[in-house]
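Welcome! Have the viewer open while you read, and let us walk through this model together, from the whole chain down to single residues.

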Amino acid sequence: MAPTSLEAQFVTFSLGEEIFAVPVEVVREILDYAEAFKIPNGPDYLLGLRDVRGQGVPTIDLRLKLGMTKTLPTPHTRVLVLDVPLESRLLTLGLVADRVFEVTPFRRDQIETAPDIGVRWRSDYIAGVVRRENGFVVIIDLARLLSREDASALQSAA
């Protein structure tokens, strides 16, 4: 039996002042920002389709999905192309980030559960939180963030 690793690799990125992370194994590539081909009647956070090596990839503005203000592209804006494992399939998705920082390891014992703030709020998409000198990094569980309806809409958009 192979020993389990004591750490995992994550790609860190920002949305505004907040720092987020996704597991490196779901990141296919990181691209410069380019306008997506608009799709009519899609959810507000669906920016449209982006051509990634001949494949139409639905691209979302994660800021809108999380209830933040719309992304205003800058020279630092990037698109993370992700392969998100869902229940019965793999969803390829572009995720717009204000800035991508690095691939960094987090020890499993550093990862805390989402804090309980005493009121109901949608935190099920938070896989964990890592404390750093200058704040926190929120690890996103993309499969949980995307509801079944979201995943179906994004899959059909592609």
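**A walk through the chain**

The protein chain exposes about 9300 Å², and carbon and sulfur atoms supply 52% of it. Accessible areas here come from the Shrake-Rupley method with a 1.4 Å probe, and for residues only the protein chains shown count as cover. This is a predicted model, in which local features need pLDDT of at least 70 and side-chain atom pairs count only at pLDDT 80 or more, while totals for chains, interfaces and linings use all residues. Residues are numbered from 1 along each chain as its sequence is written, and side-chain values use heavy atoms, with hydrogens and water left out.

Of the 158 residues in the protein chain, 41% are buried. Buried means under 20% relative accessible area, exposed means over 50%, and partly exposed lies in between (1.4 Å probe, protein chains only). Among the contacts with a separation of 6 or more, 56% are between residues 24 or more positions apart; a contact means heavy atoms within 4.5 Å.

Next, the secondary structure. The protein chain has three helices and eleven strands, where helices (H or I, at least four residues) and strands (E, at least two) are DSSP runs numbered from the N terminus. Read from the N terminus on, the elements follow the order β-β-β-β-β-α-β-β-β-β-β-β-α-α.

Five of the strands form an open sheet with mixed pairing, in the order 3-6-7-5-4. Two strands pair if DSSP finds at least two bridges between them. Strand 3 (27-32) and strand 4 (46-52) are the edge strands, each pairing on one side only. On average, neighbouring strands of this sheet are turned by 30° against each other, direction ignored; the axes are lines fitted to C-alpha atoms, for helices over the stretch in contact, and angles run from 0 to 180 degrees between N-to-C directions.

One place to look is E29, whose bridge partner in strand 6 is V81.

Strand 4 pairs with strand 5 (residues 55-61) in the antiparallel sense over six bridges, and R50 has V57 as its bridge partner in strand 5. The hairpin of these two strands has two residues between them, and R53 takes a positive phi near 55° there.

E87 is exposed, with a relative accessible area of 71%. The C-alpha atoms of E87 and A143 are 8.5 Å apart in space, although the two are 56 residues apart in sequence.

Finally, turn to the aromatic rings. How many aromatic pairs does a search of the whole structure find? The search finds two, counting rings of Phe, Tyr and Trp (its six-membered ring) whose centres lie within 6.5 Å; planes under 30 degrees apart count as stacked, over 60 as edge-to-face and the rest as tilted. F10 and F106 form a tilted pair, 5.3 Å centre to centre with 35° between the planes. This pair links distant parts of the chain, with F10 in strand 1 (residues 7-15) and F106 in strand 8 (residues 99-107), 96 residues apart. F10 is buried at 6% relative accessibility, and F106 is buried at 2%. The rings of F13 and F20 have centres 6.0 Å apart and planes at 25°, so this pair is stacked. Both F13 and F20 are buried.
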